[in-house]
Amino acid sequence: MADISQNANSGGYVASLVVKKTGGVLFGLTGYNSSGSAQFIQVHDANILPADAAVPVLTFTVATVANFSIDFGIKGRKFTKGIVVCNSSTGPTKTIGSADTFIDAQYS
């Protein structure tokens, strides 16, 4: 079977990355928080960066100056609208942070 997974990479420090603009499957996410403070990484089911106060599909905390990763396994996690990853200073809703996060995502 041919590998149909793709990769989206921020190519530098950003506050967000639109991984895919249509529905898809997220298999994994890795990155680096270069900030001097902890922050939240959020994943949204959206095709563009949502406005602040949007509720993410999932969120997790990343320590200051630290790597992060999440693996959804071989079946991945389905998104119906699109896949957007961003940093946030709050967990339950989006409050976009500074351009201090490196993001790399594997999807189809």
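Reader: Which residue in β8 does Gln42 stand opposite?

Author: Cys86. This is a predicted model. On the other pairing, Gln42 stands opposite Thr59 in β5.

Reader: How do you know that β4 and β8 pair?

Author: Two strands pair if at least two bridges are found between them. Strands β4 (residues 39-44) and β8 (residues 83-88) are joined by five bridges. They therefore count as paired, and they run antiparallel.

Reader: What makes β4 and β5 a pair?

Author: The criterion is again at least two bridges. β4 and β5 have five, in the antiparallel sense.

Reader: What is the strand order in the open sheet of four strands?

Author: The order is β2-β8-β4-β5, with antiparallel pairing. β2 (16-20) and β5 (58-62) each have a single partner strand, so one side of each is left without a neighbour in the sheet. From one strand to the next, the twist averages 20 degrees.

Reader: Why is β4 called mostly covered?

Author: Buried means under 20% relative accessible area. Five of the six residues of β4 are buried.

Reader: Which residues have the most contacts inside the largest nonpolar core?

Author: Val19, Leu29 and Val43. The core has 19 residues. At least two residues of this core come from each of β2, β3 (24-33), β4, β5, β6 (66-71), β8 and β9 (101-107).

Reader: What does Leu29 touch, leaving out residues up to four places away in sequence?

Author: Its contacts include Ile41, Val43, Phe60, Phe68, Ile70, Val85 and Ile103. Gln106 is also among them.

Reader: Where does Gln106 lie, and what does Gln106 touch?

Author: Gln106 lies in strand β9. Beyond four places in sequence, Gln106 touches Gln6, Asn7, Val25, Leu26, Phe27, Gly28 and Leu29.

Reader: Why is Gln106 called partly exposed?

Author: Partly exposed lies between the buried cut-off, under 20%, and the exposed one, over 50%. Gln106 has 25% relative accessibility, so the middle class applies.

Reader: What makes Asp52 and Lys94 a salt bridge?

Author: A Lys nitrogen must lie within 4 Å of a carboxyl oxygen of Asp or Glu. Here the closest N and O atoms are 2.7 Å apart. The pair therefore qualifies. A search of the whole structure finds one salt bridge. Asp52 is in the loop between β4 and β5, and Lys94 is in the loop between β8 and β9, so the pair ties together parts 42 residues apart in sequence.

Reader: How many aromatic pairs does a search of the whole structure find?

Author: Two. One of them joins the rings of Tyr13 and Tyr32.

Reader: Why is the pair of Tyr13 and Tyr32 called stacked?

Author: Ring centres must lie within 6.5 Å, and planes under 30 degrees apart count as stacked. These centres are 6.4 Å apart and the planes are at 25 degrees, so the pair is stacked. Tyr13 sits in the loop between β1 (6-9) and β2, and Tyr32 in strand β3, 19 residues apart.

Reader: What makes Tyr13 and Tyr32 partly exposed?

Author: The class runs between under 20% and over 50%. Tyr13 has a relative accessible area of 47%. Tyr32 has 25% relative accessibility. Each therefore counts as partly exposed.

How values were computed. Residues are numbered from 1 along each chain as its sequence is written. This is a predicted model: local features need pLDDT of at least 70, side-chain atom pairs count only at pLDDT 80 or more; totals for chains, interfaces and linings use all residues. Side-chain values use heavy atoms; hydrogens and water are left out. Axes are lines fitted to C-alpha atoms, for helices over the stretch in contact, and angles run from 0 to 180 degrees between N-to-C directions. A nonpolar core is a set of buried Ala, Val, Leu, Ile, Met, Phe, Trp, Tyr and Cys residues joined through side-chain atoms within 4.5 Å. Buried means under 20% relative accessible area, exposed over 50%, partly exposed in between (1.4 Å probe, protein chains only). Contact means heavy atoms within 4.5 Å. A salt bridge is a side-chain nitrogen of Lys or Arg within 4 Å of a carboxyl oxygen of Asp or Glu. Rings of Phe, Tyr and Trp (its six-membered ring) pair if their centres lie within 6.5 Å; planes under 30 degrees apart count as stacked, over 60 as edge-to-face and the rest as tilted.
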